[in-house]
Amino acid sequence: EFSGTLEYDVRILTPEEDGSNYEIDNNDYTDDTDEPNVLTLPSFDVEIATEDEVTVGDTLEYTAENTGDIEATRDITLTVDGAEVNTNTGLTLGGGESETETFDYSVSSEYESIDVAVESASDSTEKTLTVNQPASFVPNITDITEEVTKGTEITVDYTVENTGDIEGEKLIEVSVGSDVKSNSTFSLDAGETVHNTTIFATELD
């Protein structure tokens, strides 16, 4: 039965994911019981960090994690509805490190939903995102005093509807020409309509 000390002079040369080589310089291991540790090659796992619903103009985020033991640099690619739209180049992560990054891409208003894919050299993930339209306020005059004499009052009844898919806030002005007679700020949920009335006097001159 052997009871001495083993010395390992280890040189590891292994193929990398993209076809290049990783070389770990000579390391001396002195161990009378176990085999020397073997480092795991870098592998970038990716996931889409953006929520399932986005709004027009939003950017998209992803998280990448190097599940290997060796630092490496990788490109991360974004595909939307089958078309490659952006690549984040040169993401460097040490072994076990992860990072959340943003693609240089904004969600377009022409879609109701988008199929998103994020890919590294060793992993890919997909998700379908619902695209919400931003808040859009549409005013409409429902009633107005049609005949007045100088010095009398004009009554304007109007509605404001948020035709977008998300809550928003907007300043609404009632004006005659360039003369603003009143202004009100409304905060409306998606699809919500508010009724309002403004009264102002006609000029005497």
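1. Contact, as used in this note, means heavy atoms within 4.5 Å. Leaving aside neighbours within four places in sequence, Thr 55 is in contact with Val 107, Asn 132, Gln 133, Pro 134 and Ile 166. Thr 55 belongs to strand S4 (residues 53-55), where strands (E, at least two residues) are DSSP runs numbered from the N terminus. With a relative accessibility of 15%, Thr 55 counts as buried, the term for under 20% relative accessible area, while exposed stands for over 50% and partly exposed for what lies in between (1.4 Å probe, protein chains only).

2. This is a predicted model, in which local features need pLDDT of at least 70 and side-chain atom pairs count only at pLDDT 80 or more, whereas totals for chains, interfaces and linings use all residues. Residues are numbered from 1 along each chain as its sequence is written, and side-chain values use heavy atoms, with hydrogens and water left out.

3. The pLDDT, which is the predictor's confidence in each residue from 0 to 100, averages 86 over the protein chain, and 81% of the residues score at least 70. Over residues 11-15 the pLDDT is below 50, although this stretch has 16 contacts in the model beyond near neighbours in sequence. Residues 17-21 also stay under 50, and for them the model has 11 contacts beyond four places in sequence.

4. Which strands pair with S12? Strand S11 (residues 137-144) pairs with strand S12 (residues 153-162) in the antiparallel sense over seven bridges, and nine bridges join S12 to strand S15 (residues 193-201), again antiparallel; two strands pair if DSSP finds at least two bridges between them. Tyr 158 in S12 is the bridge partner of Ile 141, and in S15 the bridge partner of Tyr 158 is Asn 196.

5. Rings of Phe, Tyr and Trp (its six-membered ring) pair if their centres lie within 6.5 Å, with planes under 30 degrees apart counted as stacked, over 60 as edge-to-face and the rest as tilted. By this rule there is one aromatic pair. The ring centres of Tyr 62 and Phe 103 are 4.6 Å apart and their planes stand at 35 degrees, so the pair is tilted. It links distant parts of the chain, since Tyr 62 is in strand S5 (residues 59-66) and Phe 103 in strand S8 (residues 98-106), 41 residues apart. Both Tyr 62 and Phe 103 are buried.

6. Asp 81 lies in the loop between strand S6 (72-80) and strand S7 (83-93). Its phi is near 50 degrees, a positive value in a residue other than glycine. Asp 81 is partly exposed, with a relative accessible area of 38%.

Methods. Helices (H or I, at least four residues) and strands (E, at least two) are DSSP runs, numbered from the N terminus.
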